[in-house]
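Please find below my notes on the two-chain model that you asked me to look through. They are set out as numbered points, to be read with the coordinates open.

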Amino acid sequence: MSCLILSACATKKVSKSQMEGDVYTGTDTVEYLASGVPDRVFFATNESVLTTASRETLRKQAAWLRKNSTINIVLEGHADERGTREYNLALGERRANAAKDYLMTYGISSSRISVISYGKERPVDSGSNPLSWSKNRRSVTVKAN
Amino acid sequence: MIFRYLLIIIILFPIKAFALIEVDITRGNLSPLPIAVSPLSIDEKSKESFKNILKKKNIGAEISKVVENNLKQSGLFNPLNKDAFLQKPDIAHLKPRFEDWALIKAQALITGKVTNVDGKLRVEFRLWDVLAAKEMIAIAFTTVPDNWRRVGHIITDKVYERLTGEKGYFDTRIIYVAEEGPKVQRVKKLAIMDQDGFNTKYLTLGNELVLTPRFNPTNQMVTYLSYFRNLPRVYLLDIETGKQEVVGDFPGMTFAPRFSPDGKKIIMSFAKDGNSDIYTMDLESRIVQRITNHPSIDTSPSYSPDGKYIAFNSDRSRYQQIYVMKSNGSNVKRISFGKGLYGTPVWSPRGDLIAFTKLHKGKFYIGVMRTDGSGERLLTENFYQEAPSWSPNGRVLIFYRETKTDSKGEGFSAKLWSIDLTGYNERQVTTETDASDPSWSSLLSN
């Protein structure tokens, strides 16, 4: 019994430390475009506003893209499974464009960026719980060449 | 193509009998009408010939099984156990002994006869009012043998119409997205099947992601979203020829397509720079018209059956809600004001109701409201379900439902379900694979 309680506590602690509000702040699913340059940013439910952490990530991406001026990118926008399919397609597109706009203000030409939304079609985490959903609400920067 | 070969010959007009039997479909039917479906009789010679062609031992019995299953699934009828039938099928078809049928509590009786006429399948059937001891319908069909299931569906439609006073929905098909593979890497194909789950055909191979297929009211064409070459665009597919083409030349994602009620236009969303608005394209002139122009997400448009109005969902009030506007985009009015988020409005073919998906406190609902937003009624609650599509008579909704995964992320499934407008008769619709995004065709024959 005590074992059960302990493990329950441990799980809770982990998920708490990986989310702020309902925005994912962990690194489980994150890949790196280059050393120290995370490839993705996360969003709150139904939101496309960039958090402070997201803006920091995108500034790192912008700096890296300025140094590697031959690289083009695709921004892939995603939503969690808790919304209607069509609305989520639009939401994913809106999220990817929020990231695109930010990169552009840091000097990345729009001609180097394309955007695609997958809505809820390509989750990275198959769980049906708030932590899994938070990992799936994301915009991922992928090298196009 | 096959459907054009179906000839319907009415040999006898229904006698205007004083109908004692009546099925009320406006309320949840808690005591379905007891009906006896006598196996269609067949002579030995015809039986042998169809056995060779169709690989069915007794095609007469098979057709009556289709009818029986349809009637049962409707929730309005209770097909009686054949073991209790006293009269032989061939004799019952000529002259039923009504006392025998009344004895087993049948109120209605279906009889029929199958023959092979020059290689064609000829089916005649009769519907009898057991208590009034009268014939209600007598019809004969001649068609290619391969069409035998459709004959069963058409018989059901005739019986349903005669007994409920409304058109049926059995000679119809469902187009949907067949799903396979792990949740994080689903493979999706367009699939089409008869309304009762038979005759499934796959229309795409699964090489690219496909979503949200919808029928044209004339049934030959389907519009859907495809990620072909990683460019999400609205496509048009001719089911009979298999020919596909992209709709319009938009510099970005187009999605959420539907046909106008006359089948001449496609209405859809176009996403550009993070903003989705609603557009139409005339399929003949290819003229594109912008319908909404708002910085919010406007999507999931659906025309009223007279083509004068469009329902859609928008987050212009910050959260996803349902709006109605004139078909030129003017007079936008929000109609959903209940607690929660509202999406996927779909106008009933009768024009009086809008079906929708609602999310409230972590649960998803399928519901209906009047077109001004009043009279909201939630039909079913679940962990996840959305995308209702109406049966052509506006009495049944089909939608898809997804299951919650366990702590390891296992146990995901997506299935089609149907429910009556009354909120009763909720049923899973059988599909060969997992399935989502169903769209119900109109009646194939009228």
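This is a predicted model: local features need pLDDT of at least 70, side-chain atom pairs count only at pLDDT 80 or more; totals for chains, interfaces and linings use all residues.

1. Residues are numbered from 1 along each chain as its sequence is written, and chains are lettered from A and ligands numbered from 1 in the order in which they are written.

2. Chain A has a mean pLDDT of 91, with 89% of its residues at 70 or more; pLDDT is the predictor's confidence in each residue, from 0 to 100. Over residues 1-13 of chain A, pLDDT stays under 50, and the model has 0 contacts there beyond four places in sequence. Here two residues are in contact if their C-beta atoms, placed from the backbone, lie within 7 Å.

3. Chain A contains 4 helices and 8 strands, where helices (H or I, at least four residues) and strands (E, at least two) are DSSP runs numbered from the N terminus. Along the sequence the pattern reads α-β-β-β-β-β-α-β-α-β-α-β. Of the contacts in chain A with a separation of 6 or more, 69% are between residues 24 or more positions apart. Of its 145 residues, 45% count as buried; a residue is buried if 20 or more other C-beta atoms, placed from the backbone, lie within 10 Å of its own, exposed if 12 or fewer, and partly exposed in between.

4. An open sheet of 4 strands in chain A has the order S5-S8-S6-S7, with mixed pairing; two strands are taken to pair if DSSP finds at least two bridges between them. S5 and strand S7 (113-119) of chain A are at the edges with a single partner strand each, so one side of each is left without a neighbour in the sheet. From one strand to the next, the twist averages 15°. Strand S6 (residues 73-78) and strand S8 (residues 138-143) of chain A are antiparallel and joined by 5 bridges, and A:Val74 has A:Val142 in S8(A) as its bridge partner.

5. A:Phe43 sits in the loop between strand S5 (40-42) and helix H2 (52-67) of chain A. Is this residue buried or exposed? A:Phe43 counts as buried because it has 29 C-beta neighbours inside 10 Å. Leaving aside residues up to four places away in sequence, A:Phe43 touches A:Val23, A:Ser48, A:Arg95, A:Arg137 and A:Arg138. Its C-alpha atom is separated by 8.0 Å from that of A:Asp22, 21 residues apart along the chain.

6. Chain B is divided into domain 1 (2-26 + 33-164) and domain 2 (173-440), with bounds that come from an automatic or database domain assignment. The C-alpha centres of the two domains lie 35 Å apart, and 6 residues of domain 1 are in contact with 9 residues of domain 2. Helix H2 (residues 59-73) of chain B gives the most to the domain 1 side, with 3 residues.

7. In chain B, all 7 of the 7 residues of strand S28 (residues 396-402) are buried, so the strand is largely enclosed by the rest of the structure. S28(B) pairs antiparallel with S27(B) over 5 bridges and with strand S29 (residues 414-420) of chain B over 7 bridges. B:Gln385 stands opposite B:Arg401, while B:Phe399 has B:Trp417 in S29(B) as its bridge partner. S27(B) and S28(B) form a hairpin with 5 residues between them, and B:Gly394 in the turn has a positive phi of about 70°.

8. The contact between the chains takes 32 residues from chain B and 22 residues from chain A. On the chain B side, S27(B) gives the most, with 3 residues.

Note on methods: Axes are lines fitted to C-alpha atoms, for helices over the stretch in contact, and angles run from 0 to 180 degrees between N-to-C directions.
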